[in-house]
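Colleague: I would like to learn how to read a model of this kind, feature by feature. Please give the general idea first, then the case at hand.

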Amino acid sequence: KGAEADTSFYIKNAAKVRGVKDFDVNLTIPPEVVVEIDTSNESWDKFEIYAALNIEEIWRCDGTDFQIYRLVEGKYETVEKSVSLPLISGELLTEFLQISYEKDQTSMLKEFRERLREIK
């Protein structure tokens, strides 16, 4: 089985995979975070596959809200904040998703960075 996320991120292992062009799933470290945007297709069936691949977090957006899931003992549990990026919460991602519908990308990203500085 396999699954392809909408996007994924290496955080603590970024230096280990930087520059790698050919990934071998048997040898390569999995990303810490995958993002699933479920506006046309549901990703629930991928959760079991991601767990088998030892993906630490899933950020799932249904087009309106973001939820963050953390792998705990082989199953995903909803968590308030990302463990990989502790300044990020589902609530914050949801808020800025809504802002992205109202503002241009540059303005939204500037506001997002400012908010992260405040949280820090």
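The dialogue below goes from the whole chain to single residues.

Modeller: This is a predicted model, in which local features need pLDDT of at least 70 and side-chain atom pairs count only at pLDDT 80 or more, while totals for chains, interfaces and linings use all residues. Residues are numbered from 1 along each chain as its sequence is written, and side-chain values use heavy atoms, with hydrogens and water left out.

Colleague: How many helices and strands are there in the protein chain?

Modeller: Helices (H or I, at least four residues) and strands (E, at least two) are DSSP runs, numbered from the N terminus. Here the protein chain has 4 helices and 5 strands, in the sequence order β-α-β-α-β-β-β-α-α.

Colleague: What does the radius of gyration of the protein chain agree with?

Modeller: The radius is taken over C-alpha atoms, and the globule rule is 2.2 Å times the number of residues to the power 0.38. For 120 residues a compact globule would come near 14 Å; the protein chain has 15 Å, which agrees. Along the principal axes, its C-alpha atoms fill a box of roughly 40 × 30 × 25 Å.

Colleague: What share of the residues in the protein chain is buried?

Modeller: Buried means under 20% relative accessible area, exposed over 50%, and partly exposed in between (1.4 Å probe, protein chains only). Buried residues are 38% of the 120 in the protein chain.

Colleague: Which residues of helix 3 are buried, and what covers them?

Modeller: An α-helix has 3.6 residues a turn, so residues three or four places apart point the same way. In helix 3 the buried residues are G90, L92, L93, T94, F96, L97 and I99. Their cover includes strand 3 (57–61), strand 4 and helix 4; contact means heavy atoms within 4.5 Å.

Colleague: What span should helix 3 have?

Modeller: The expected span of a helix is 1.5 Å times one less than its number of residues. The 13 residues of helix 3 should therefore span 18 Å, and its end C-alpha atoms lie 19 Å apart, which agrees.

Colleague: How many aromatic pairs does the structure hold?

Modeller: Rings of Phe, Tyr and Trp (its six-membered ring) pair if their centres lie within 6.5 Å; planes under 30 degrees apart count as stacked, over 60 as edge-to-face and the rest as tilted. The structure holds 5 such pairs. In one of them, F47 and Y76, the ring centres are 5.5 Å apart and the planes stand at 75°, so the pair is edge-to-face. F47 is in helix 2 (residues 47–52) and Y76 in strand 5 (residues 75–79), so that the pair links distant parts of the chain, 29 residues apart. Both F47 and Y76 are buried.

Colleague: Why is the pair of F96 and F112 edge-to-face?

Modeller: The ring centres of F96 and F112 are 5.0 Å apart and their planes are at 80°, so the pair is edge-to-face. F96 lies in helix 3 (residues 90–102) and F112 in helix 4 (residues 105–119), so this pair ties together parts 16 residues apart in sequence. F96 is buried, with a relative accessible area of 4%, and F112 counts as buried at 16%.

Colleague: Which residues do ring pairs link into a cluster?

Modeller: The cluster consists of W44, F47, Y69 and Y76. Y69 belongs to strand 4 and counts as buried at 9% relative accessibility. Leaving aside neighbours within four places in sequence, Y69 has contacts that include W44, F47, Y76 and V79.

Colleague: How do strand 4 and strand 5 run, and how many bridges join them?

Modeller: Two strands pair if DSSP finds at least two bridges between them. Strand 4 (residues 66–72) and strand 5 run antiparallel, joined by 5 bridges; I68 has V79 in strand 5 as its bridge partner. The two strands form a hairpin with 2 residues between them, and E73 in the turn has a positive phi of about 50°. E73 counts as exposed, at 81% relative accessibility.

Colleague: Where else is phi positive in a residue other than glycine?

Modeller: N54 has a phi near 65°, and lies in the loop between helix 2 and strand 3.

Colleague: Is V34 buried or exposed?

Modeller: V34, in strand 2 (residues 33–37), is buried, with a relative accessible area of 2%. Not counting residues up to four places away in sequence, V34 touches several residues, including A5, Y50, I58 and W59.
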